[in-house]
Amino acid sequence: MSDITPLTVADGEFYPGQSGLVELVAGQLPSGNEVSIKAHVFRSFRDGPTLLFIAGVHGDEINGVEILRRAIRQKIFSNIIAGTVVAVPLLNVYGFNNFSRDVPDGKDVNRSFPGTATGSLASRIAAGLSKNLLANCDLAVDFHTGGRGLFNYPQIRYSPGDLQAFEAAKQFNPPVMVASKAPSKSLRRSAHKSLGLSVLTYEGGENLRYDGHGIAEGLDGLRRLLYARGMAKHQPERPQREPLTVSASSWVRASRAGLFQWSKRSGFAVRRGEPIGMIYDPHGIKPSKRILSPREGFIIGHNNAAVVSQGDALFHIGY
Ligand SMILES: [Zn+2]
């Protein structure tokens, strides 16, 4: 038998078997045009968990938007057999239109949680999400990519000590699982602290670019998660690998500025002392600088920028 109380999402009410679109007001442009965030709600007739899938918290991180767009178009959510899915393919509409991570005042929504209704624009968007969507959910997956040319190998990040998140990450079964503390005032940190809600952060590819592998892994993981929670009818194919588990990671940074070329990239294991890239003097005067891996590990992220400054993050090595 189904629970007949409606699920409330913003100003929408959803009874078992009901689906629809809810628009959350997210302010207005200086021209006066209203800006809204679209949330799709899919509620099955049968009871089950409520999962939130969210992308575009950083407006220039497109792969997650594409993952949720495909999931919606392929009717993965509208065909659930139990529970509820709430899908927000594009949270930071402002950043998306401006090819930017942030909202127009330069603030980062993912450093503004839980947010307040009278705060900065980023804080207001975070508050809208906290109030209207997070409170009713059992688990959330937040889709990201690397920022500013930083490429992330497909991975799930979960908070150490959050056993629910660890279980969900295994069900998602990404190529790499990274136990990492979430940044202060991020969605993952704030939702767990204030609501006890476990959030998985998916990372795949880099900002402003499609990455086919990152999109495919994100979509496959989402299907595996729905199946593991009893919400999908058909079992997705199991990948021919177990996730690589990373409990610590560190960045290799540019020891000097110049032109950068990697010779090893994300997705490959490295040995200590192995050459992984070069920094060149653009004038061809100074000798080239070889970059060696400081330790044995697995490259979970790398920089695709051709021009780097001293101290720039070049390789993210997990171990
Ligand atoms: Zn991001």
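I looked up Glu61 first. In this predicted model, Glu61 has 2% relative accessibility. Buried means under 20%, so I noted Glu61 as buried.

I checked His144 next. At 3% relative accessibility, His144 counts as buried too.

Glu61 sits in the loop between β5 (50-55) and α1 (62-73), and His144 in strand β7 (residues 139-146). The two are 83 residues apart, so I logged a link between distant parts of the chain.

I read about 520 Å³ for the largest pocket. Its lining has 28 residues, and the closest to the centre are Arg101, Arg111, Asn152, Arg157 and Glu203. Which element gives the most to this lining? I found β7, with 4 residues. I counted 6 nonpolar, 12 polar and 10 charged residues in the lining of the largest pocket. Domain 1 (7-228) and domain 2 (248-318) each supply at least three residues to it.

I then opened the second largest pocket, with about 300 Å³ of space. Of its 16 lining residues, Val25, Ala26, Arg124, Gly128 and Asn132 are the closest to the centre. β3 (19-28) and α3 (121-132) each give two or more residues. The largest share, 7 residues, comes from α3. I sorted this lining into 9 nonpolar, 3 polar and 4 charged residues.

Definitions and conventions: Residues numbered from 1 in each chain as written. Predicted model: local features only at pLDDT ≥ 70, side-chain atom pairs only at ≥ 80, totals over all residues. Heavy atoms only, no water. Buried < 20%, exposed > 50% of the residue type's maximum accessible area, 1.4 Å probe, protein only. 1 Å grid on protein atoms, 1.4 Å probe; cavity = no way out; pocket = protein on both sides within 12 Å on 5 of 7 lines; lining within 4 Å. Points joined across faces, edges and corners; volume = space filled by probe spheres on them. Nonpolar A, V, L, I, M, F, W, Y, C, P; charged D, E, K, R; others polar. Domains from an automatic or database assignment.
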